[in-house]
Amino acid sequence: MKAMNFVDVKESDSIFEGSGWDAVIVVTANLAAINLDEVRILAEHGVNIDARVGRAPTLLFAPGLAGGRLIISPVLQHDSDIQDVRGYSDAARKAIALAQDAGARKPLLVIAPSDEAKYAQSQSVAALACGHELWQALERREATPEQNKIESIGLLVSEDQAKVLNAIEAGRHLARDLCGTEPERMSAPMFAQYCQQAFADSGLALSVIEDRDVLERDYPLLSAVGRASFGVPRHQPRVVKLEYCAEGEIERSYFFAGKGVVYDTGGADIKISGGMAGMSRDKGGAAAVAGLMKTLSLLKPKGVRVVAELGLVRNSIGSEAFVTDEIITSHAGVRVRIGNTDAEGRLVLADLLSHLRLKAVNAPEAQLFSVATLTGHVVRAYGGYTAVVENSVARDSQVGEQLQQWGEAWGEPLEISRLRREDYLKIVDPSGAGDIISSNNAPSSVTARGHQYPAAFLLKASGLEAHNSKSACPLAYTHVDIAGSATEGDPLYGKPTAAPLVALYQYISNT
C-alpha cells in the first residue's frame, strides 16, 4: 500500500549532477519564469534545437544537471481567465510520465513561480498530480510487482510541506485502492480488512460491525440493501467506524457518512443494457472518507474530532433481495417506502447519518457530511465536478462556499447546488402508508433535480430534518455527490481520483 514519497530538498544546487537525483523536471508557464539560471539558459538554448520546448513536454540532454536529463513541461493557457491551478496538474502529469519512460527513478520537480493568486498552491498541486499519475491499480501491483518505477520525487519545499504532501498522498493512495479495486478483491469484508491493515498503529479508533443481528437492528435500511448478500459469506455487509480525536480541547467536530456500495447490480430493479459495468466504483464515497481519515491520522490536526462511518454493502439480486414498494423503518424511526432498489445509496447513508446525528448533538461545533457516488444526474448537470447540497444551517455557515474555495485552490473544484422546497415534494409517499418514498422509478439522469432531492430524503430519513435552523439543536449538514468526480477518463474504468479528499482536509484543518 506504499504511496509515492516526496522528499524535501532545501538547496537549489540539487539540480546538478551528483546530488542523488537523476532528472530535473521544470513545470513553467514560460521559459523566462524559470528562476534557476542554468536551467533557463539550457531551456532557451533548447528552443533553437527543438521548437516544441515551451510548447509541449520535452526532454533535453543536459550535461551537468542531475541525471543529464532536463524535462520542460509548459502550463498551457496560463493567462486565460478560464484556466485554473489544474493547468499545473496537467503539465506535471505529462512530465512525470515522460521522466519515467526515460528511465528516471528519482526526479527533482521544480515549479516556476507565478504571481497570480489562483496559482498559489501550484507546487503542491503539481506534486500531488505526479502521485496520481504514477498510481497503479492494486490488482496490477499484486499480480506484477512494480519494477523500474519512480521511487521518490524531490521538491524544493520545507520539511513540513513535504510531510503534509506525503500525508495527503497516503490518504489519496488508500482511497484510490479502495475505490478502484474489483468487487471480489474489494468486497465488503475485504474493504473492511484493508482498512484495518491501513489503520493499524495509526492511533485512530476503529471497529467493524459484521454481526447480522446487529446490522439488521441498527442499520435496517443498509441491511435491506444487502439482504440478498447475507447468504454469501464473502459478500456480507460491514459497517466500519473510524474516529480521530486530537489531544487537548476539541473545538470543532466533523461527522462523515461514506457510501460503500462495493457492487451495484441495481437489485430487483436490475441494471440492463450494460449498465452494471463499472459499478464496482460505487464505493468511492467510503473510499474518499477512509483516505481522509488516513491523512488526518498522519498529520494530527489540533482541536478537532472527526468521526466516520462507512457503509459497505453489495446490492445483490436473488430470492432474498428487497423490492420496490416495501416499507422499511429506518434507524431514525422513519417509515421509508422503496421507490426503486437501484436508488440504494441513499438508504445506506440514511442509517449511517442517523447514528452520527446522535453523536453530533452533544459535540462542539458539529458538522455532518455524506459523501457518495450517488446520482447520474450530477454527472448530467456538472460533468466531472463534485456537487454539494446543504441544509440551511450549513448554508448559513457557508460550508459549501468554504469547501469551494479550498477545492478551487487545490485543484478539486466543486459546484454548489441549492436545496429547494420542490425537493421535499419528490419524497412524499403518494399512498400515505410510508412517511417518505426513497425515489421515483426513473433514472436520476432524466429526473428534474435528480441530484438535489436525495438530500431532502437523507435529511428526513436520518432524523436530521429535526435539527434545522429553527430547532433547539441546529446541525449543519452537507451532502457531497461525487458521481462525476470519483473517477477520471473512462467513465467505467477510469483512474480513481480520491476527490474530494484534499478539499475536505484543507477545510477541516484551516476552518
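Reply: One cut-off first: buried means under 20% relative accessible area, exposed means over 50%, and partly exposed lies in between. The model is predicted.

Me: Is arginine 86 buried, partly exposed or exposed?
Reply: The relative accessible area of arginine 86 is 26%. Buried requires under 20% and exposed over 50%. Arginine 86 is therefore partly exposed.

Me: Which residue forms a salt bridge with arginine 86, and is that residue buried or exposed?
Reply: The closest N and O atoms of the pair are 2.7 Å apart, and the cut-off for a salt bridge is 4 Å. The partner is aspartate 84. Its relative accessibility is 10%, so aspartate 84 is buried.

Me: Where do glutamate 169 and arginine 172 lie, and are they buried or exposed?
Reply: These two residues form a salt bridge, with the closest N and O atoms 3.5 Å apart. Three residues, about one turn, separate them in helix 5 (residues 159-180). Glutamate 169 and arginine 172 are both buried.

Me: What is the N to O distance between glutamate 216 and arginine 212?
Reply: Both residues belong to helix 7 (residues 212-218), four residues apart, about one turn of the helix. Glutamate 216 has a relative accessible area of 35% and is partly exposed; arginine 212, also at 35%, is partly exposed. Their side chains meet in a salt bridge, N to O, at 2.9 Å.

Me: Which residues are linked with Arg93 in a network of salt bridges, and how many salt bridges does the structure hold?
Reply: The network links Arg93 with Glu133 and Glu488. The number of salt bridges in the structure is 27.

Notes: Residues numbered from 1 in each chain as written. Predicted model: local features only at pLDDT ≥ 70, side-chain atom pairs only at ≥ 80, totals over all residues. Heavy atoms only, no water. Buried < 20%, exposed > 50% of the residue type's maximum accessible area, 1.4 Å probe, protein only. Helix = DSSP H or I, 4+ residues; strand = E, 2+ residues; numbered from the N terminus.
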